[in-house]
Amino acid sequence: MAVERQDAGLARWGRLVHRARWHVLILSALSLVPAAWMIHTGGELDPPHVRTETESGRGLELIGRELPGQPPSFSLIFSSPTLSATAPAFRAEVERALAPLGRDPRVARIRTAYHGLPGAVSRDGRRVLAVVELRGRSTAGFASLGFSGLAPGVYPAVRALVKSSTLEVLATGTIALNHAFTEVAHQDLGRVELIIMPLVAVLLLLVFGSVVAAFLPLVMGGLAIAGAMAGTLLLARFVSVSIYAPNIVSMIGLGVAIDYSLFVVSRFREEIRQRPAPEALAHTVATAGRAILFSGLTVAVGLLGMVLLGLGNLGSMGWAGTMVVGLAVLHGFTTLPALLAVLGPRVNALRVVFLHPERADAGRGLWHQVAATVMARPWRVLVPVVALLLLLGLPFLHLRVGSGDATALPPGAEARRGDELLRREFPEGAVNRIIVVLDAGGGSPLTAGRVAQMFALSRWLGARPHVTSVNSFVDLDPSLDLPAYQQMAALPRNQWPPELVAALEHLVGEHVALLVVNTVLRPGSDEARALVRETRGAHPPFDGELLVTGETAFDLDFADLTVQRAPLAVGLVVLVTVVVLFLLLDSLLLPLKAVVMNLLSITASYGALVWIFQDGHLAGWLGFTPGPIQTATPLIMFCMLFGLSMDYEVLLLSRVREEYERTGDNA
């Protein structure tokens with residue numbers, strides 16, 4: 001079939017790139033300059049943040065508006081295998097190690113057992129806890145929700161000041177954990193690139209049998225990733241961008257750029273054997289180029305599903321992925337054709353002897369035999385394969401989602417070791433705080449009636465299983481009864497004694513009052529979630545609005561929000577993908593078939609996710625601690641896998657359709 005019938009516009013573009021090949025290559029090279037500058041200067045990336053439309057988010061926002069923020073802080077645990085924490089030498093070394101912090105303007109206060117910090121000596125008596133308070137204001141000093149007030153780079157710089165030659169020093173706390181997660185993400189990205197790039201180079205060499213041809217997809221991948229990484233960091237200067245967005249850029253960018261380059265380079269190698277270079281490039285762009293254009297659209301649609309979820313800065317991963325896909329398509333239409341135009345038949349240069357010689361019988365080898373066998377017995381292949389995919393997906397039925405905690409870090413990570421030590425030796429320092437916000441609206445939370453309700457609520461909360469204590473206005477002194485608290489509340493605030501003002505500074509505002517429920521339950525545990533649900537659904541009455549916030553409540557609300565948003569995001573992704581495939585294939589049946597096959601493959605992937613990472617069947621081999629799947633992971637996986645699976649559907653079906661139109665023979 002003539003190339004004009006396939007896509008005359010794309011064919012003309014191929015000829016244009018062939019004529020302007022050197023100009024295109026120069027522009028591509030120049031584009032690396034601003035990209036390199038942007039990557040060098042960087043941008044601030046953020047951990048996931050609280051959604052203000054959830055109950056926990058509204059509660060946190062109310063606290064930030066009504067109460068003074070607590071300073072962001074982290075803890076340091078000093079340990080000795082031989083010395084007692086009360087030994088003069090132990091204390092002297094702790095004070096010597098902390099001395100640089102006392103002179104640092106970023107540090108507001110340091111509290112230790114030697115200066116009145118309660119519960120700061122470990123159970124075994126050989127460890128001391130120090131709390132380092134930094135300057136600044138945290139939205140809420142109760143949970144991981146209070147990290148946002150800290151400027152980037154402050155924690156690692158401050159932590160590096162504390163060193164000891166005789167004591168082991170471990171940092172822990174929310175700030176340390178957030179920093180550790182960020183560092184692990186960066187290290188994982190570097191390790192993936194270090195392992196994957198050489199492996200990909202070897203595979204490309206096996207596919208093409210030519211060093212020159214194998215090198216081209218790597219160039220395209222590098223260009224797409226560099227541009228998208230720069231775009232992601234630029235975006236981070238204006239909006240909140242997830243710390244995991246660069247991982248998406250690297251992973252998706254390398255995959256799609258190599259896919260598209262493989263498709264284009266393979267097609268050009270076929271065409272150059274039959275036509276002059278300009279026409280070979282025109283045919284390549286008109287056929288393979290059209291396929292990667294629609295493939296890029298389907299992948300982008302899937303990735304933009306993350307944006308449709310509306311889950312805070314997690315949507316930035318969708319934008320980052322879409323950027324790298326767009327750049328992969330752009331370079332597939334510009335830089336790669338220009339390189340092929342320059343190379344011409346030399347695309348097959350630097351052959352690897354005996355590795356992959358050109359064959360005249362191409363198309364009648366192993367893959368042709370597999371396809372012929374499948375088409376000869378379609379039902380005998382289809383039914384077992386579908387059954388196998390559904391079987392692989394069965395573990396997904398017992399999926400358990402939750403937010404990550406220290407156990408998601410590598411066992412050797414300082415923040416994880418510190419967290420484990422804190423929970424084992426300093427039980428008071430490892431409490432999980434569930435925050436009950438009592439909003440009196442335009443009134444005072446300390447009227448006689450509301451104090452009585454607060455009193456009843458506090459005693460009810462204190463009687464819940466696993467609750468160790470409750471901090472609130474009506475829990476200042478266990479010897480006081482309700483009338484005493486009501487009498488105290490009736491006093492004008494300017495008549496409160498200074499110690500009462502200090503005690504209530506973070507618990508009572510003009511219109512709100514807090515009850516801080518302390519429990520030793522891990523924030524992501526089923527028991528902690530049950531406590532939040534019971535508090536929300538069965539609490540005693542209060543004359544106003546009662547909101548439950550804190551890490552566990554945020555975990556629950558985020559899961560509920562994800563479930564609410566999922567149908568819309570998934571539905572739109574599937575619908576738009578079907579429309580794009582209809583425009584490409586001019587068929588209603590083929591897009592529907594592609595959607596069904598993709599859903600089956602995603603089901604199997606979900607099953608593998610749960611079987612490996614939640615059930616822990618490969619934990620020893622892969623070196624991780626099994627636990628709940630991150631709440632947003634299944635939906636993020638859907639958006640990524642649906643787009644990438646459709647990518648391969650498009651590349652295959654477009655070539656099948658082309659051959660069918662050429663020969664009229666479906667087989």
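Colleague: I'm looking at arginine 111, so which residue in S3 stands opposite to it?

Modeller: Arginine 111 stands opposite valine 131 in S3, and please keep in mind as we go that this is a predicted model. The two strands involved, S2 and S3, pair in the antiparallel sense over 4 bridges.

Colleague: In what order do the strands of that open sheet come?

Modeller: The order is S2-S3-S1-S4, which makes 4 strands in an open sheet, and the pairing is antiparallel. Strand S2 (107-111) and S4 stand at the edges with a single partner strand each, so one side of each has no neighbour in the sheet. On average, and ignoring direction, neighbouring strands of this sheet are turned by 25 degrees against each other.

Colleague: Why is S1 described as largely enclosed?

Modeller: Strand S1 (residues 73-79) has 7 residues, and 6 of them are buried, so the rest of the structure largely encloses the strand.

Colleague: Changing topic, at what angle do the axes of H6 and H8 cross?

Modeller: The axes of helix H6 (residues 174-208) and helix H8 (residues 245-272) cross at roughly 10 degrees and come within 10 Å, and the two helices are therefore roughly parallel to each other. Among the residues making the contact are Leu189, Ile196 and Val200 of H6, together with Leu254, Ile258 and Leu262 of H8. Sorted by kind, the residues of this contact comprise 13 nonpolar, 3 polar and 2 charged.

Colleague: And zooming out, how many helices and strands does the chain have?

Modeller: The chain has 22 helices and 10 strands, and 49% of its 667 residues count as buried. Its C-alpha atoms fill a box of roughly 95 × 55 × 45 Å along the principal axes, while the accessible surface comes to about 30,800 Å², with 64% of that belonging to carbon and sulfur atoms.

Terms used: Residues are numbered from 1 along each chain as its sequence is written. This is a predicted model: local features need pLDDT of at least 70, side-chain atom pairs count only at pLDDT 80 or more; totals for chains, interfaces and linings use all residues. Side-chain values use heavy atoms; hydrogens and water are left out. Buried means under 20% relative accessible area, exposed over 50%, partly exposed in between (1.4 Å probe, protein chains only). Axes are lines fitted to C-alpha atoms, for helices over the stretch in contact, and angles run from 0 to 180 degrees between N-to-C directions. Angles under 35 degrees count as roughly parallel, over 145 as roughly antiparallel, 65 to 115 as roughly perpendicular and the rest as oblique. Contact means heavy atoms within 4.5 Å. Ala, Val, Leu, Ile, Met, Phe, Trp, Tyr, Cys and Pro count as nonpolar, Asp, Glu, Lys and Arg as charged, and the others, Gly among them, as polar. Accessible areas come from the Shrake-Rupley method with a 1.4 Å probe; for residues, only the protein chains shown count as cover. Two strands pair if DSSP finds at least two bridges between them.
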